[in-house]
Amino acid sequence: MLAKTPLAWKNLTHDVRRLVVAICGIAFAVLLMFTQVGFQNALFDSQVKLIDDLQGDLFLISKAKFTLAAEKRFPMARLNQARSCPGVLGVYPIYTELTTSVVRRIEKGMGNLGYPLRTIGFFLDDPVFHSEEINRQLPRLRVQGTALLDRKSKQTKFPFPLDDDAALEREYLELAGKKLTLVGTFDLGTDFAHDGNLIMSAENFADYYPHRVRFGDPLSVIDIGVVKLLPDADPAEVRDFMEQTLDKDVYVMTREQFRTEEIRFWDDSTPIGTIFLAGKIIGFIVGMVICYQVIYSDIADHMAEFATLKAMGYTTRYFILLILTEAVLLAFVGFVPGTAVSTGLYSWLSARTGLLMVMTLNGLLFVLVATVAMCVASGMLAVRKLLAADPANLF
Amino acid sequence: MNSQTTIPATSGAYSGSMQMPRTVQVQGLNHYFGEGDLRKQALYENHLEVRRGEIVIMTGPSGSGKTTLLTLIGTLRTAQEGSLKVLGNELNGADRDLIVRLRKEMGFIFQAHNLFESLTAYQNVNMAAELVGLDPMIAEGRITSLLTRLGLGHRIHYKPKSLSGGQKQRVAIARGLVHKPKLILADEPTAALDEKSGREVVTLFQELARDEGCTIIIVTHDNRILDVADRIVNMVDGRIKSDVAVKETAVICDFLKDFPLFADLTPNTLAEVADQMMIHEAQPGDVVIRQGDAGDLFYLIRSGRVDVLINDGTQERKVAELKQGQYFGEAALITDEPRNATIVANQPCVFYALGKDNFRAVLETSATFEEELRQALFRRQ
């Protein structure tokens, strides 16, 4: 009995039916926002899945390479300069091709149209991939004209038998006009720019794409340089050193920077970020309308009571705090079930679409802040009605 | 010297005992509703004084402005013209802070109970206690005893939904009283109550007025509670038509009844006569009336003593001494002759004086006993 009368909470919970409707409404808005955040994260995560799958502490790319899909390369010499920097354990080149990397399936002597996918080449002795599955199959790639196929490549464009390695090997197909044999599969995933992936040895890569350099060694220009550091080296320090030492035509980035920059490109420079932003705003507005409705009708139903409080000497400050409290309470009681349902939806969607939908801390915080903001905003809109309550009309 | 005032005898300005400070002082108060062409005056030149510990009942037909006056006194409307002092503070031009402070010293009881459905009776009352920062332990005792007193002891933790209309109204009354307000403004507080609980509420009002010096203004049409009023104010068309101190009027009527010419008058007519009397003061040695002057007033001695002197042509002789409750000056009014004696105050005196025309009017046109009986019977329907 010592605490002040919790009027906000009491008013909120008094009408159970209205409370349930309010919770459902706000939970729905929360769900909408979580769906947007989830899809966005999942899509952005798939944009940087290659970075996540690569080993290495620092990465070198050409300054002209604004995204992984841009075919801008830097000379081998940069990698050699990087190798000589203190703290470096090893540097490994990664080669990628997209536009000329066209796979045509030959069936009954006829080739289909052919669709581009990404070919990734590397020296088989370099520790480049995390994936145990890839590393186990490396010996098979030593044979000329072989590659591993990404199981998640689009089935409509690359309809190969994925479960049966023997059948896969019997497939007739051409890559960049040359015969290719698929000797196994691995797991990487598609993104906005890439419908599928192949992995092969650097030597095979040079065979398929001799035109990468007009004259000379096609392997002398590199797409991504992977730098592995000694265990006691500080990535940030080494990065700064390389930045100063290396010629200025490359970026040196830590794993986190590389990831962030890539996501930033898709977020800022393509409509994707805007589309998801619009989705989030719609969720926000839906929530605001519902929340406004709940708070407004609560105020409208209690005008006489609030006017009585005014007559008693309760001030504007009290009423604003009261509605603020009510709004924040609403936000939380709606957020909890909304999050629970969203978590369920995430795992269902993950199972169905293969997109990686994970409830991240950042996502949680974002939606929580948005939910509180939307409730507080609608509360402040509705409070004007309360402040208009006139105790003179009570007599 | 002797001073003639325009203060009515029934205003209670003089009551024979010490005067309490004024809780409410209304002077020349005008109020308007609407603006421009639609501007309509609701209150005209209102004057009202209510003293500490008084219970004032305001009556009048609906639309007479009594509610407007009540909301103005309660700071719920902004005073526009004239002076309105409440608890010693001028409200015309008062700032927000002062208004909020004053509101906390007042208790409002509205016609509708206006309880929060979501809060229990206790919590509803506690909203008022919390606001003034009452110590929670003290508040708890006070809320419990108030609700028990109002017959809700067994329903303290019930929500309004499970209370009857009268019970809700009593919770609202407890809410208006819990913070020991200095001024209580109530609008038909007993309308929703039965005889017994209505009586309990007004008894509570009386105790608050007597024991805690609480001033209470009640707007009501409930004539069952008229007996608690110290003063009855009647408003018609935005004007205070009569403002009568009940006890003092009873005293005057008692005195007037002893006057043989008025002996046959009914209480109703006596009260009307009392209403027309004005207060008149005199210091020792003051000549109130002089022998030979034309007579224009009839005097009733409210307090003090006077000497009656008659000049028989050679010397002035004291023939009598008059005291409280006695009267003089009637002969000249009845016979239209000059004063037949001189009256000199020998103590500080207060008289209630009735003008010649009024005096005659009472005698000539006042209803006869039978006529008034007919009136009374007619009104019974």
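Helix 10 and helix 12 of chain A cross with a right-handed sense. The model is predicted. Helix 10 spans residues 271-301 of chain A, and helix 12 spans residues 316-353 of chain A. Their axes come within 11 Å and cross at roughly 135°. Angles over 145 degrees would count as roughly antiparallel. The angle found here therefore makes helix 10 of chain A oblique to helix 12 of chain A.

The residues at this crossing can be named. Helix 10 of chain A contributes Cys291(A), Val294(A) and Ile295(A). These meet Ile323(A), Glu326(A), Ala327(A) and Leu330(A) of helix 12 of chain A. By class, the contact holds 6 nonpolar residues and 1 charged residue, with no polar residues.

Each chain is assigned two domains. In chain A, domain 1 is made of two segments, 7-47 and 270-394, while domain 2 covers 53-254. The C-alpha centres of these two domains of chain A are 47 Å apart. In chain B, domain 1 runs over 13-247 and domain 2 over 277-375. Here the domain centres, taken over C-alpha atoms, are separated by 41 Å.

Chain B also holds an open sheet of 4 strands. The strand order is 3-2-5-6, and the pairing is antiparallel. Strands of a sheet pair through backbone hydrogen bonds. In chain B, strand 3 (40-51) and strand 6 (89-90) stand at the edges. Each has a single partner strand, so one side of each is left without a neighbour in the sheet. Strand 6 of chain B is joined to strand 5 (residues 81-86) of chain B by 2 bridges, and the two run antiparallel. Within strand 6 of chain B, Asn89(B) is the bridge partner of Val86(B).

The two chains touch. On the chain B side, 27 residues are in contact with 22 residues of chain A. Four elements of chain B each give two or more residues to this side: helix 1 (66-73), helix 2 (96-104), helix 3 (121-131) and helix 4 (136-149). Helix 3 of chain B supplies the largest share, 6 residues. By class, the chain B side that touches chain A comprises 13 nonpolar, 7 polar and 7 charged residues.

Definitions and conventions: Residues numbered from 1 in each chain as written. Chains lettered and ligands numbered in written order. Predicted model: local features only at pLDDT ≥ 70, side-chain atom pairs only at ≥ 80, totals over all residues. Pairing = 2+ DSSP bridges. Contact = placed C-beta atoms within 7 Å. Nonpolar A, V, L, I, M, F, W, Y, C, P; charged D, E, K, R; others polar. Axes fitted to C-alpha atoms, helices over the stretch in contact; angles between N-to-C directions. Parallel < 35°, antiparallel > 145°, perpendicular 65-115°, else oblique. Left-handed = near helix turned anticlockwise from the far one by under 90°. Domains from an automatic or database assignment.
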